[in-house]
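Reader: I'm new to this one and would like a close look at a single part. Could you pick a spot and walk me through it?

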Amino acid sequence: MEFQSCFDIIGPIMVGPSSSHTAGVVSIGKFIHELLGDYPKEVKIVFYDSFAETYQGHGTDKALLGGLLGMDTDDSRIKNSLEWAKENGMQYEIEFESCCEYFDHPNTTIVTAKRGDCVVKVGGASLGGGLSKIFMIDDDMVSIRLSAGDDFSALASTYHPRKKVMDKAI
């Protein structure tokens, strides 16, 4: 069972509207931010299933970009993270798919992020109550549980982004 306390079900203090579509997704983005050591300059986001259907209404796009920019779940700037991304020179694209071949969950995303000569591909799922799971890093299957209060820097420290091959765009 993924939930370890009642606070995993209730969810963290957060910018809403949804612990599944916002708080959990901020954590996925923040984990990637920590993997790269800063926010990425180029990002390709694929939203699957429920995320693909409701991403704008629930603010999933803003939440993920906020996390990528290093924001926490309760950071009021998340509401304006699209603008913050632009101001910081982050180029991003969002694609949509019906189902993810790597992980079976309705709230799933795969993010390919690049900063300098480092590229990382991360698969994450938002499980509810602000709880998330990283299930893939650079095509390797992993199982990393994320909760809003976790030290993402420590969790990410054992993984290293790969160097990009040539100047291939993500």
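Author: Let's start with aromatic pairs: this predicted model holds 1 of them. The rings of F103 and F135 have centres 4.6 Å apart and planes at 5 degrees; under 30 degrees counts as stacked, so this pair is stacked. F103 sits in the loop between β2 (91-97) and β3, while F135 belongs to strand β5, so the pair ties together parts 32 residues apart in sequence. Both F103 and F135 are buried.

Now follow the chain through the strands here. Strand β3 covers residues 107-115 and pairs with β4 in the antiparallel sense, over 8 bridges. R115 has C118 in β4 as its bridge partner. The hairpin of β3 and β4 has 2 residues between the strands, and G116 takes a positive phi there, near 60 degrees. R115 has another contact to look at: its charged end sits over the ring of Y39, 4.9 Å from the ring's centre.

Next comes β4 itself, residues 118-128. Of its 11 residues, 11 are buried, so strand β4 is largely enclosed by the rest of the structure. On to strand β5 (residues 131-137): β4 and β5 run antiparallel and are joined by 6 bridges. G128 stands opposite L131 in β5. This hairpin, too, has 2 residues between its strands, and here G129 takes the positive phi, near 65 degrees.

Notes: Residues are numbered from 1 along each chain as its sequence is written. This is a predicted model: local features need pLDDT of at least 70, side-chain atom pairs count only at pLDDT 80 or more; totals for chains, interfaces and linings use all residues. Side-chain values use heavy atoms; hydrogens and water are left out. Buried means under 20% relative accessible area, exposed over 50%, partly exposed in between (1.4 Å probe, protein chains only). Helices (H or I, at least four residues) and strands (E, at least two) are DSSP runs, numbered from the N terminus. Two strands pair if DSSP finds at least two bridges between them. Rings of Phe, Tyr and Trp (its six-membered ring) pair if their centres lie within 6.5 Å; planes under 30 degrees apart count as stacked, over 60 as edge-to-face and the rest as tilted. A charge sits over a ring if NZ of Lys or CZ of Arg is within 6 Å of the ring centre and within 35 degrees of the ring normal.
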